[in-house]
Amino acid sequence: MTFDLKQTRLPGVGVKYGFTTASGSRVTVIQHNDGDRDVYVHRRASDDDPAVVLELADDEARQLGALLGGAYERPRIVEELEMALGELSIEWTPVPETSPWIGRTLADCAFRVRAGVTVIAILRDPEPVSGAQPDDVIKQGDTLVVVGKAGQVRDFRRLLTAGPDESA
Amino acid sequence: MTLAELSVTIALLGVLGLVAGRFGLSAIPAYLLAGIILGPNEPKFLSLVQPSEVTAFVAEVGLIFLLFFLGLEFSVERLVRSGRHVGLGGALDLLVNAGLGALVGVAAFGFSFAAIVLAACIYVSSSAIAVKALIDFRRLADDETDLVLAILLFEDIAIAAVLGFVATGGGGLGETARVSATALLFVFASLAASRWLGPAIGRLLSRLELEFFLLAVFGFVVGMSALAKQLDLSDAVGALMAGIVLSDSGVREEIEQRFFALRDVFGALFFFAFALTIDVAKIGEVGWIVLLAVIVTFVGKTGVGFLAGGLGRLTARQSLNAGAALVAHGEFTVILAQLAAGNLALTVSQRGDIAAFAGLYVLATATLGVVFMKESKVLGRRLFSVRVVD
């Protein structure tokens, strides 16, 4: 699907981006010079007045953008991939800040033995680790990409938060 | 001005500003009204504050801050980027509304320098009021808003040129030419400084501790204003150029954040102090000029909305919205009148007339204009039948 993203400069205010959705609504994002963002939604493209105006501060706008962009959920393409995997699933699992595993290598963690899941990649800034090796160390702020059965992944999440002793 | 008077002044500014805000109006007419009420001229029931050296000084500082901030927003690079869109609508607006303004000016003062000042006062709409209303009325997403903002930008540039000579020009042809030439030189020197010295000044400033950062910026602004005054230009031009020099310096945002509060306080006091000199009793003399100018403004600005809107393929309703957004006049009209009030080439009665005119005219357009703008969509739906496009 392609659509036109129209960009216009608003002198003294900021920049305006707009497009029309497949269902006919007009969405406009105003990026103010001071960093705030407004989102205007006209239910139909020809409407005079917006149905909704959302005023967002910089951090709120980023949060919303991340949500819409799928940063917190599995992207669609992954869902399709999972169908091919059958009962296995790929999960994006953020490492909790208080996780006892931070600072330890994957070999040391031995998640495969403890929970049955395999860590296939580590997402981190600035450079993600695509083929995770046993000697890779888990760091603060990492997101682990793991493969396992649904129940195993659930165990793994608990393990990641609690540490080796409390999980069965 | 004593502290007691100052406290009454600030309280009244606050109250009237709040009331204006409740009605969706800009605070500018509210500040003017406060000055008219408390000032020594009619109405006299609450004449608490006399114009004095103190109020004149406060007004000067307020003027400097208003123009400094305008300059900060005025980066050369941004100007070049938006240049293409700004041209046509802005040129039409200049032609129509400066032209109509000049007619009113000549009708009021004959062929004179005062007529030019009046033309400029009537030509330039209020960016502050229009932008605030566009945000308040949730119109930033509308197509016609692009046109409105482009025209306002053009006006800001055009009026920056007028500021150069309005305070000191008009003496004789030779004198006015000399002032204009100095102004031009000063502007080019500042633009060059912005281009080549801006980043260096920015680096220097960003290394200072906060306290000294504030003092250095403040000193620079006041210094530029004083320099401009020494050169027989107005302090307004100096402050504007100080803003432009710092606009590309990389510390612009920090300056804006740190000085917003000062600008707002002194800006309010500027409008107040200006209004102290307004004599409402002069309505007998300038009333007809104000009335004529208001009519001309409604016709001229709406007309430009339709002319430029037609060229830009806007619908009739969108064009009406665009024109309505340009009716309100405010900060520039007052600034021009304030600068003219210090120009000795104008006669005392002309200066008084221009001040009274500007005050009443801004009061009228800033309130009526915003109401017109608020209702323009409803009005448009009534006037121009809805064409369903689906």
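The questions and answers below concern cores, a sheet and domains in a predicted model.

Reader: Which residues of the largest nonpolar core touch the most other members?
Author: Nonpolar side chains tend to be buried together in soluble globular proteins. In this model the largest nonpolar core holds 137 residues. Those touching the most other members are Val117(B), Leu118(B) and Ala120(B).

Reader: Which helix gives the largest share of this core?
Author: The largest share amounts to 14 residues and comes from chain B. The element in question spans residues 143–166 and is helix 7.

Reader: Which residues does Ala120(B) touch, not counting residues up to four places away in sequence?
Author: A contact here requires C-beta atoms within 7 Å. With residues up to four places away in sequence left out, Ala120(B) touches Ile159(B), Val162(B), Val166(B) and Leu336(B).

Reader: Which strands are the edge strands of the open sheet in chain A?
Author: The sheet has five strands in the order 1-2-3-4-5, with antiparallel pairing.

Reader: Which residue is the bridge partner of Arg26(A) in strand 4 of chain A?
Author: Strand 3 (residues 26–32) and strand 4 (residues 37–42) of chain A pair in the antiparallel sense over six bridges. In strand 4 of chain A, Arg26(A) has as its bridge partner His42(A).

Reader: How far apart do the C-alpha centres of domain 1 and domain 2 of chain A lie?
Author: The domain assignment gives domain 1 as 6–69 and domain 2 as 76–162 in chain A. The distance between the C-alpha centres of these two domains is 36 Å.

Key. Residues are numbered from 1 along each chain as its sequence is written. Chains are lettered from A and ligands numbered from 1 in the order in which they are written. This is a predicted model: local features need pLDDT of at least 70, side-chain atom pairs count only at pLDDT 80 or more; totals for chains, interfaces and linings use all residues. A nonpolar core is a set of buried Ala, Val, Leu, Ile, Met, Phe, Trp, Tyr and Cys residues joined through C-beta atoms within 7 Å. A residue is buried if 20 or more other C-beta atoms lie within 10 Å of its own, exposed if 12 or fewer, and partly exposed in between; C-beta atoms are placed from the backbone. Helices (H or I, at least four residues) and strands (E, at least two) are DSSP runs, numbered from the N terminus. Two residues are in contact if their C-beta atoms, placed from the backbone, lie within 7 Å. Two strands pair if DSSP finds at least two bridges between them. Domain bounds come from an automatic or database domain assignment.
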